[in-house]
Amino acid sequence: MSRTVRVVVVALVVLALVGSGWLGVMYLLLGDDSDGGSADPSPTVVTTSPAEGATDAPSPGLAPYYSQQIDWETCGSDQCGTLTVPVDYREPGGETIELNLLKVPAGDPEARVGSLVVNPGGPGAPGTSYAGQARQVFREPLTQAFDVVGFDPRGTGRSAPLDCLPDDELTEFLALDPAPDDAVEEQKLVDDLADFWQGCAERSDTLVGHVTTAETARDMDVLRAALGEASLYYLGASYGTKLGATYAELFPDRVGRFVLDGAVDVGLPSRAQSLGQARGFEVALRAYVEDCVEKGDCVLGDSVEEGLDTISELIDDIDAEPLPTSDGRELTVGSAFYGIVTPLYNRDYWRLLDQGLSTALEGDGTTLMLLADAYASREGGRYLDNSTEAIYAINCLDDPYYVEPDEVEAQVPAFEKVSPTFGRVFAWGLLNCKGIEVASSEQPLDIRGEGAPPILVVGTTRDPATPYEWAVALAERLESGVLLTRDGDGHTAYNAGNECIDTAIEDYLIDGVVPDDGTEC
């Protein structure tokens with residue numbers, strides 16, 4: 001769920017579980033400024049000539065793409081533009097798409113280091129929205145020193161977005177029971193999943209087969225060239241760490257300073273990844289309940305075990321009888337699942353979970369529904385982006401692994417062992433890619449990043465979506481990986497209140513000071 005838990009509701013829970021859910025909540029709190037609506041005065045924009053060799057193409061057929069110049073236009077206090085890339089890199093003379101871009105110019109032109117490309121994860125979250133919030137989600141040292149550049153990865157946001165279901169059908173899909181209790185619910189899940197994949201193929205044309213992480217990494221190198229940078233400076237969160245690691249494998253000689261925060265273990269098989277996330281969310285939920293009990297007067301009970309039992313019983317009760325909400329919808333068990341796990345992405349959001357659980361125990365599902373909507377980028381009855389659809393296509397093209405419906409129950413005991421609360425949901429998430437109608441255009445990569453300069457891999461000890469051991473594994477896998485550890489709660493480490501972490505990342509990106517491998521904060 002790395003958002004990832006934003007990830008699929010229901011059957012594809014595991015897919016969405018890696019990279020972006022936290023972003024939806026962030027937008028709920030901060031407001032989406034992806035169109036550059038800031039009231040801040042427009043900073044001075046620095047124009048530089050391309051660095052030597054920056055626009056050299058990997059092959060002659062790609063030369064027209066690598067020689068592009070971005071026509072930046074003012075949008076609020078920021079700048080917006082587009083980038084042309086081929087749909088299929090094997091056929092550079094074929095169909096093309098436009099990638100949506102947003103740049104927040106460096107606040108201090110005299111101290112400007114260059115461009116910092118950012119990705120918030122998902123997969124499927126729009127990078128332009130992330131960049132548009134740069135002044136809120138990044139600290140001043142970075143926004144002063146860098147042009148923060150975000151792009152909507154192919155098939156997402158405003159970059160030829162994939163479409164799999166009409167909004168009303170998508171809402172119903174996300175409300176399904178993520179852990180069916182009987183044959184009728186199981187068949188409903190299988191049928192709706194088949195409809196989802198059929199819709200992707202019918203409503204998204206040929207692009208649906210070309211939204212792999214490898215292709216997005218290739219797009220990112222075209223973006224690097226268009227920015228005039230000989231090497232790429234990059235900060236990727238959650239799934240964005242997989243994207244960054246993939247880029248390092250494909251273009252090790254173009255890697256500049258890379259921060260991979262909330263790391264994904266790119267060598268972990270799908271089932272093991274799902275188990276890891278199930279365990280991670282259980283650890284995070286336990287930490288939340290412990291905090292609730294320690295503060296006193298916890299609505300969940302007087303002990304951690306009593307609190308966890310209360311949450312499990314609430315989920316069972318909602319499964320049997322959905323709760324009413326203020327907008328007339330019912331809070332189903334699928335929506336309740338997302339409403340509960342979303343605030344676990346950030347300790348600051350635990351207060352929202354307090355309110356959601358408290359009101360749900362009183363029979364009102366409104367707050368949990370609002371949290372579930374935030375995870376799905378749903379507001380006012382519409383979806384602000386297509387992240388809940390794109391995540392399926394991207395994950396399943398990267399790894400089409402799935403188990404058959406009649407094999408799921410055999411998986412449940414292992415999942416419930418590591419996660420008594422969420423185990424069944426994650427076990428049923430193994431069904432995720434069943435029915436996908438297209439195949440990947442890219443071959444699997446053995447990601448090592450050989451030849452790349454030091455890459456900073458950051459992990460948080462109680463990260464629910466990308467467990468800490470994944471960061472350890474990625475740092476070991478990358479030839480030049482350097483591990484930085486934050487002891488804390490929540491998903492990702494930068495700008496989460498740990499000065500040691502923040503300073504280490506900023507010193508590395510701005511001045512090239514590489515922290516000692518294994519540094520703990």
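Visitor: Let's start with Cys292: which residue does a disulfide join it to?

Guide: Keep in mind that this is a predicted model. A disulfide is a pair of cysteine sulfur atoms within 2.5 Å. The S to S distance here is 2.0 Å, and the partner of Cys292 is Cys298.

Visitor: Are Cys292 and Cys298 buried or exposed?

Guide: First the link itself: it is right-handed, with 105° about the S-S bond. As for cover, under 20% relative accessible area is the cut-off for buried. Cys292 and Cys298 both come out as buried.

Visitor: How many residues apart in sequence are the parts that Cys396 and Cys433 tie together?

Guide: The sulfur atoms of Cys396 and Cys433 sit 2.0 Å apart in a disulfide. Cys396 belongs to helix α16 (residues 387-398), while Cys433 is in the loop between α19 (423-428) and β14 (455-462), so the parts tied together are separated in sequence by 37 residues.

Visitor: And what is the handedness of the link of Cys396 and Cys433?

Guide: Both cysteines of this pair, Cys396 and Cys433, are buried. The angle about their S-S bond is -85°, and the link is left-handed.

Visitor: Where does Cys521 lie, the partner of Cys500?

Guide: Cys500 and Cys521 are joined by a disulfide, S to S 2.0 Å, and the link is left-handed with -50° about the S-S bond. The pair connects distant parts of the chain, 21 residues apart. Cys500 is in helix α21 (residues 499-511), and Cys521 is in the segment after β16 (519-520).

Visitor: What does Cys500 count as, buried, partly exposed or exposed?

Guide: Cys521 has a relative accessible area of 18%, so Cys521 is buried. Cys500 has 38% relative accessibility, so Cys500 is partly exposed.

Visitor: How many disulfides does the count come to?

Guide: Number the bonded cysteines in sequence order and the pairing reads 1-2, 3-4, 5-6, 7-8, 9-10. The count of disulfides comes to five.

Visitor: Stepping back, what radius of gyration does the protein have?

Guide: The protein has 21 helices and 16 strands. For 521 residues the globule rule gives 24 Å, and the protein comes close to that, so it is as compact as a globular protein of that length, with a radius of gyration of 22 Å.

Visitor: What share of the residues is buried?

Guide: Among contacts with a separation of 6 or more, 76% are between residues 24 or more positions apart. Of the 521 residues, the buried share is 61%.

Notes. Residues numbered from 1 in each chain as written. Predicted model: local features only at pLDDT ≥ 70, side-chain atom pairs only at ≥ 80, totals over all residues. Heavy atoms only, no water. Helix = DSSP H or I, 4+ residues; strand = E, 2+ residues; numbered from the N terminus. Rg over C-alpha atoms; globule rule 2.2 N^0.38 Å. Buried < 20%, exposed > 50% of the residue type's maximum accessible area, 1.4 Å probe, protein only. Contact = heavy atoms within 4.5 Å.
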